[in-house]
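Here are my notes for you, written as numbered points. Keep the viewer open and find each residue as you read.

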Amino acid sequence: MAIEELEAYRGRALDALSAVSDPASLEAWYRAHLAPSGEANTWKRSIGQQPKDERKAFGQAINEVGAALADAYAARQAAVAQAELQRRLVQEAVDVTLPARARRAGGLHPSVIALRQIADVFCQMGFTVFESPHVETDYYNFEAANMPPHHPARDMQDTFFTTDGQVLRTHTTSGQVRAMRCLGPGPIRVILPGLCYRNEDVTTRSEMQFHQVEGLLVGPTVRMSDLKGILMAYARAMFGPDQDVRLRGSYFPFTEPSVEVDIRCTLCGGDGCRVCKYTGWLEIGGAGQVHPVVLGHGGYDPAKNRGIAFGLGIERMLMLRHGIDDIRHFFRNDLRFLANFR
Ligand code: DAH
């Protein structure tokens, strides 16, 4: 009688097991049947209630059922694991035929690209690059550039002051005397590229920050006529091989004589148009022969040395080259603008 019940139980347990198809119900089945408190084990407690001569056979039968269930469980466990793996393979499948997602790579800022091009042009002419501080002393920014306190030319450049009495350099001319002191007293030929800062209203034509490239040559044989050749090479590298340069008399405290550097109008080619205000020429920077006072600050004897210098606006150059009508584009970080220069 008991044996029959046991057999009926085996059938029920195996039926239940064959309906199991996921890890959670497999676990539940195990707890219901094979775990220490599971039904397969509770049978053992009923051995004592059997007639003495049947106990042995009944005990064996229980062990047999237990072993059969354990085998069936192991097989089911393997099958469920395999099915689970299949399910995950399908669910987590990667379609390798899909096109790759384009990665947006960063790029250099147009002003930086231009600065590097310019450095290349001047390095081919034997210049080296000299870096000087952005936060500058009044001395190097103004006084060494022949603008002592109360010099009216200081008002030409509205200045940002730091709380400890220094200035944000208003032009790269601030590095001239540093370069002379650092690299002199022999002949030098350097460019000084970088950001400059002015406390100005931001308009389409002026920004609070902009890039310049300063140039400086000092030595016993340096002459004003060298200036034109150097600037011509720059203009032709930036604006095309047919560009022309014109030097027009002007005033800067740190040069004497001083000139403005013009190129032939990039729009009308010199015929005269609205962009060049019908002059045929566009201004790209200032230049001149280094003032003896500045040479003196740099440790050079003005009686034995001459210098020539120039300062070129980088955003100004790019605006003329690409027909950009608003300098503020350069500092807005709008990718629609910046990505054009990659
Ligand atoms: N520092 C001048 C400016 O920012 C530009 C300049 C003019 C630089 C004449 C020079 C120079 O070296 O010789 O407006």
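1. Where is Arg154 found? Arg154 sits in the loop between α6 (138-143) and β3 (167-168). Helices here are DSSP runs of H or I with at least four residues, strands are runs of E with at least two, and both are numbered from the N terminus. Arg154 is buried, at a relative accessible area of 16%. Buried means under 20% relative accessible area, exposed means over 50%, and partly exposed is in between (1.4 Å probe, protein chains only). Leaving out neighbours within four places in sequence, Arg154 is in contact (heavy atoms within 4.5 Å) with Asp138, Phe142, Glu143, Met147, Pro148 and Pro149.

2. Before going on, a word on the model. It is a predicted one, where local features need pLDDT of at least 70 and side-chain atom pairs count only at pLDDT 80 or more, while totals for chains, interfaces and linings use all residues. Residues are numbered from 1 along each chain as its sequence is written, and side-chain values use heavy atoms, with hydrogens and water left out.

3. Now zoom out. The protein chain splits into domain 1 (2-91) and domain 2 (110-341), with bounds that come from an automatic or database domain assignment. Taken over C-alpha atoms, the centres of domain 1 and domain 2 are 90 Å apart.

4. Next, take a look at α1. Helix α1 (residues 2-18) has 17 residues and spans 24 Å from its first C-alpha to its last, close to the expected 24 Å; that expected span is 1.5 Å times one less than the number of residues. Its buried residues are Ala2, Leu6, Tyr9, Arg10, Ala13 and Leu17. Seen down the axis of α1, these buried residues fall within an arc of 105°, so they line one face of the helix. The arc is that of the directions from the helix axis to the C-beta atoms. An α-helix has 3.6 residues a turn, so residues three or four places apart point the same way. The buried residues of α1 pack against α2 (23-33), α3 (39-45) and α4 (52-91), while Glu4 and Asp15, on the other side of α1, are exposed.

5. On to the loop between α4 and α5, where you will find His109. The C-alpha atoms of His109 and Phe330 are 8.4 Å apart, although 221 residues separate the two along the chain. Not counting residues up to four places away in sequence, His109 touches Phe330 and Leu338. The side chain of His109 also reaches the backbone oxygen of Phe330 at 2.7 Å.

6. Then comes α5. This helix has 15 residues and reaches 21 Å from its first C-alpha to its last, close to the 21 Å expected. Among the buried residues of α5 are Leu115, Ile118 and Phe122. Just after α5, Gly126 takes a positive phi of about 90°.

7. Last, the ligand. It is surrounded by 16 residues, and the closest are His171, Thr173, Arg198, Gln212 and Glu214; a residue counts as near if one of its heavy atoms lies within 4 Å. An N or O atom in the side chain of Arg198 is 2.8 Å from a ligand oxygen atom. For Gln212, a polar side-chain atom lies 2.9 Å from an oxygen atom of the ligand. Ala309 uses a backbone N or O atom instead, 3.3 Å from a ligand oxygen atom.

Note on methods. A polar contact is a pair of N or O atoms within 3.5 Å; within protein, one must be able to donate a hydrogen and the other to accept it, and residues adjacent in sequence count only if both atoms are side-chain atoms.
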